[in-house]
Amino acid sequence: MQSVFTLDELFKACAVLFGPDVRASADFINYLKPDGIKAAYRKQVLTTHPDRALVTGKDAARMSKDFIRATAAYRKLISVASGQGSIA
């Protein structure tokens, strides 16, 4: 079954993975490639994975929430970029 996402959901996912300064648009979403999404996700994982809390000195619970948000954003964007999801 194909997942369907609104542009607003995808814009928010872009802000999570690529940062709030990225100006996401429908063209930006359509331009995204799986490799670019994967690279942005890996960068987020390095800063949000709760296992790194001891190394970074950050709150593990907060990192866990941020990691879950990054993972959800990745799944939405990679789904659309790989053709398994669509835009409403």
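**View 1. Contacts of Y41 in the predicted model.** Leaving aside residues up to four places away in sequence, Y41 touches L17, F67, A70, T71 and Y74. The coordinates shown in this and the following views come from a predicted model.

**View 2. The largest nonpolar core.** This core is made of 19 residues, and those with the most contacts inside it are L17, I29, I37, Y41 and L77. Helices α1, α3 and α5 each contribute at least two residues to the core, and α5 gives the most, with seven residues. In soluble globular proteins, nonpolar side chains tend to be buried together.

**View 3. Helix α5 and its surroundings.** Helix α5 runs over residues 60–81, and its 22 residues reach 31 Å from the first C-alpha to the last, which is close to the 32 Å expected at 1.5 Å a residue. Among the buried residues of α5 are M63, F67, A70, T71, Y74 and L77, and the elements that cover the buried residues of this helix include β1 (3–5), α1 (7–18), α2 (26–31), α3 (34–48), α4 (53–56) and β2 (85–87). The helix is followed by G83, whose phi is positive, near 85°.

**View 4. The crossing of α1 and α5.** The axes of these two helices come within 9 Å and cross at roughly 120°; because angles of 65 to 115 degrees count as roughly perpendicular and those over 145 as roughly antiparallel, α1 and α5 are therefore oblique to each other. The crossing in which α1 passes α5 is left-handed. Where the helices meet, E9, L10, A13, C14, V16, L17 and F18 in α1 face R69, A70, A73, Y74, K76, L77 and V80 in α5 as contact partners.

How values were computed: Residues numbered from 1 in each chain as written. Predicted model: local features only at pLDDT ≥ 70, side-chain atom pairs only at ≥ 80, totals over all residues. Heavy atoms only, no water. Helix = DSSP H or I, 4+ residues; strand = E, 2+ residues; numbered from the N terminus. Expected span 1.5 Å × (residues − 1). Buried < 20%, exposed > 50% of the residue type's maximum accessible area, 1.4 Å probe, protein only. Contact = heavy atoms within 4.5 Å. Core = buried A, V, L, I, M, F, W, Y, C linked by side-chain atoms within 4.5 Å. Axes fitted to C-alpha atoms, helices over the stretch in contact; angles between N-to-C directions. Parallel < 35°, antiparallel > 145°, perpendicular 65-115°, else oblique. Left-handed = near helix turned anticlockwise from the far one by under 90°.
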